[in-house]
Amino acid sequence: MYRFFRIGCLFGLSLLFTLQIASAGSPEVFSHDGAAIRGYDPVAYHTVGEPVKGSSDYTLTWNDSLWMFSSQENLDLFTSDPEKYAPRYGGYCAWAAAKGYIASTIPEAWAIHEGQLYLNYSRRIQRRWSRDIPGNIAKGDLNWPGILSN
């Protein structure tokens, strides 16, 4: 019993340190090590259908964040219509946005719904979010961007 309690406490502490609960002045775009989507190419999700690591050879600063791309073509596509390719909710977790707070994301937990990219905190959370995508998007849209300034 003590072992399960200890594991639960460790998980809770880990989650507490990983989740980025919104506070006044939260950046509009989630960045990790200075790059949006942890340095992955936002266009590749749409064109290749999977996460592709970006290159420092193809970068752009947009919405006060560094975006990385795997090719000049993808950089050009993003530049022509950033709102089409950038993840919703500033790249913060779509599940968290639906619940009224912000959390970090990983590039591997993603979905494209009606042409928009959504990221999640983990694959497990992404599966939960996927159970009601339209409902979660509706809630996230109501909460966004107000949760950045709470």
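The structure holds one cavity of 30 Å³ or more. The model is predicted, so local features need pLDDT of at least 70, side-chain atom pairs count only at pLDDT 80 or more, and totals for chains, interfaces and linings use all residues. Residues are numbered from 1 along each chain as its sequence is written, and side-chain values use heavy atoms, with hydrogens and water left out.

Rolling a probe the size of a water molecule over the atoms shows where empty space is left. Here the search ran on a 1 Å grid over the protein atoms alone. A cavity is a set of points where a 1.4 Å probe fits but cannot get out. A pocket is an open set with protein on both sides within 12 Å along at least five of seven lines. Lining residues have an atom within 4 Å of a point. Grid points are joined across faces, edges and corners, and a volume is the space filled by probe spheres set on the points.

The largest cavity contains about 30 Å³ of space. Its lining consists of Val 29, Phe 30, Ala 36, Ile 37, Trp 67, Pro 87, Gly 90, Gly 91, Thr 105 and Leu 119. By class, the lining of the largest cavity has seven nonpolar, three polar and no charged residues. In this scheme Ala, Val, Leu, Ile, Met, Phe, Trp, Tyr, Cys and Pro count as nonpolar, Asp, Glu, Lys and Arg as charged, and the others, Gly among them, as polar.

The largest pocket holds about 220 Å³ of space. It is lined by 15 residues, of which Glu 83, Pro 87, Arg 88, Tyr 89 and Gly 90 are the closest to its centre. Eight residues of the pocket lining are nonpolar, four polar and three charged. Pro 87 and Gly 90 occur in the linings of both the pocket and the cavity.

The protein chain has seven helices and six strands. Helices (H or I, at least four residues) and strands (E, at least two) are DSSP runs, numbered from the N terminus. Along the sequence, their order is α-β-β-α-β-β-α-α-α-β-β-α-α. Of the 150 residues, 42% count as buried. Buried means under 20% relative accessible area, exposed over 50%, and partly exposed in between (1.4 Å probe, protein chains only). Contact means heavy atoms within 4.5 Å. Among contacts between residues at least 6 apart in sequence, 59% join residues at least 24 apart.

Two packed helices are described by the angle between their axes and the distance between the axes. The axes of α6 (residues 123–130) and α7 (residues 133–143) come within 7 Å and cross at roughly 100 degrees. Axes are lines fitted to C-alpha atoms, for helices over the stretch in contact, and angles run from 0 to 180 degrees between N-to-C directions. The two helices, α6 and α7, are therefore roughly perpendicular to each other. On this scale, angles under 35 degrees count as roughly parallel, over 145 as roughly antiparallel, 65 to 115 as roughly perpendicular and the rest as oblique. Helix α6 contributes Arg 128, Trp 129 and Ser 130 to the contact, and α7 contributes Ile 133, Asn 136 and Ile 137. Three of these residues are nonpolar, two polar and one charged.

Ala 96 lies in helix α5 (residues 94–99). With a relative accessible area of 0%, Ala 96 is buried. Not counting residues up to four places away in sequence, Ala 96 touches Tyr 101, Ile 102 and Ala 103. Its C-alpha atom is 8.0 Å from that of Gly 140, 44 residues away along the chain. Tyr 101 belongs to the loop between α5 and β5 (106–113). At a relative accessible area of 24%, Tyr 101 is partly exposed. Tyr 101 and Asn 143 are 42 residues apart in sequence, with 8.2 Å between their C-alpha atoms.

The segment after α7 includes Pro 145 and Ile 147. The peptide bond from Trp 144 to Pro 145 is cis, with omega near -5 degrees. Ile 147 counts as buried, at 3% relative accessibility. Ile 147 lies 6.3 Å from Gly 100, C-alpha to C-alpha, across 47 residues of sequence.

Arg 38 sits between β2 (35–36) and α2 (42–47). Its relative accessibility is 23%, so Arg 38 counts as partly exposed. Asp 64 sits between β3 (55–62) and β4 (65–69). At 80% relative accessibility, Asp 64 counts as exposed.
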